[in-house]
Amino acid sequence: MRRVFIVILLLLCGAVQAQQPEKTRLLLIMDCSNSMWDHWQSNSKIKVTQQVLLSFLDSISKQHDVDVALRVFGHLNKDQFGTRLEVPFGSDNIYRLQSKIKTLVPQGGCTAAAALTDALSDFPATGSSRNLILIITDGMDDCDAEICDVARQVQLSGVVVQTFVLGIGGGAFSHASCAGSVFPVVNEEEFSKTLYDIFRLSGHKAKVVLNMVDASGDLYETEHPVAFYDHRTGVIRHSTIYSVDSKLRPDTLLMDPLVTYDMAVFTHPPLRREAMQFSIDRVNNIDITVSEGTLKVMYSGQRSVFSGQLSKVDVVVRRAGSGERVAAQEVGETGQYLAGRYDVEVQTLPVTTLRGVEVRGNAATELSVPMPGMLVLSKPKGITTGAIFRLRDGQVEFATDLNPSTAGERLLLQPGQYELVLHPQNATKYDKVQTKRFVIESSQTTKIQF
């Protein structure tokens, strides 16, 4: 009985731990460059920043699911570009944070890029947490030009969920958007409010529902991959599969309200939406109309004894006129495509191209290409190279190269008139090249022997 009690107790403890909220780790990166001595509002920028941060830390000191650390740049030596982690993450470190903030003295230049580079090592590698960076600065035009490259590497690392830039004093932030979501503030009251808003939103998720309907307005039930990218950096932030439940209701996604997203739904070709922001105060609906039809390529004519090889022939679908590849399928396979016009390349020998094929919503488009014929080729003794061309309207169209290492080949060719060109390996003059014309008919075998 005691053993059973202990097992139940352990299970309950595990359940309680599973229900605990995810820890948030907030790294403050504070600007202590010389310009922070400039007067702003009631005092210098550094004094106003210190006052706001001290009050902010007081307000979150009782929140045990939040850890804060402090990295500072521009404060180590006069006119030097230094950065250092002054207070690492840890429980009950609010007093240490406040004590350090009170003693900070701006001395150096702006080294935001270096501080952001070193920030990745500031987050503990153990434990599950939502890692955020908040850069507090009075302007970034005098920062290292590499800040954009550094910020992108931070996002690609997967360590940091989001980076924010809180700009004070009306400074220049023309290129700060590459470093993080920018929140410029013009006075002390807005400084405090913006800081609290960022912190409040960072602990919440926005509910997002992707509503896909067909051209008739009916709920779209076909599953498609969906990806959400950071609009600022282009880095993937979230991926899923669009689907509906047994009651035909789309899934609800939980997204970061502080990120501006670009979205791609991987239809053929993909559907895209850009610069979307989501609120935590309501369900955010993304409404998309998907008008899709099907496309299938088949062989026409009588099937033959070699038709078993035809299923390996690929079909490449491209946007009409642009050459952009949309998808690939096989002959006999049905693919789904958005309504529109496409160029369809059937990888026969030679390639069969059908241009401007229209796919209509909720409709089936079926195309056909002639059933090929078989060429059975016996080459002369010795290694020979060569090629086959189709003759059409006085022009030659390349069909395929021959394999120089084999004495015989069997090739499936589209119906038409052809010319075969052979060149013996040891031949040094053009008059040694051999040519022969022949005709390929659907489902028929043509034999050529040299």
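Predicted model: local features only at pLDDT ≥ 70, side-chain atom pairs only at ≥ 80, totals over all residues.
**Entry on Arg237**

I checked the accessibility of Arg237 and found 21% relative accessibility, so Arg237 counts as partly exposed; buried means under 20% relative accessible area, exposed over 50%, and partly exposed in between, with a 1.4 Å probe and protein chains only. I then looked up its contacts (heavy atoms within 4.5 Å), and, not counting residues up to four places away in sequence, Arg237 touches several residues, including Gln155, Val161, Phe228, Asp230 and Tyr261. Val161 is 76 residues away from Arg237 in sequence, and their C-alpha atoms are 8.6 Å apart in space. The side chains of Arg237 and Asp230 are joined by a polar contact of 3.1 Å; the term stands for a pair of N or O atoms within 3.5 Å, where within protein one must be able to donate a hydrogen and the other to accept it, and residues adjacent in sequence count only if both atoms are side-chain atoms.

**Entry on Asp122**

Is Asp122 buried or exposed? I found a relative accessible area of 7%, so Asp122 is buried, and I placed Asp122 in the loop between α4 (112–119) and β6 (129–137). Leaving aside neighbours within four places in sequence, Asp122 is in contact with Leu27, Arg71, Leu85 and Phe89.

**Entry on backbone angles**

I reminded myself that most residues other than glycine have a negative phi, and that most peptide bonds are trans. Asp92, which is not a glycine, has a positive phi of about 55°; Asp92 is in the loop between β5 (83–87) and α3 (94–103), and is exposed, with a relative accessible area of 74%. Ala275 has a positive phi near 55°, but is found in strand β14.

Which peptide bond is cis, with omega near -5°? I found that it is the bond from His268 to Pro269, and that Pro269 is in the loop between β13 (261–265) and β14 (271–276). The bond from Leu349 to Pro350 is cis with omega near -10°.

Technical notes
Residues numbered from 1 in each chain as written. Heavy atoms only, no water. Helix = DSSP H or I, 4+ residues; strand = E, 2+ residues; numbered from the N terminus.
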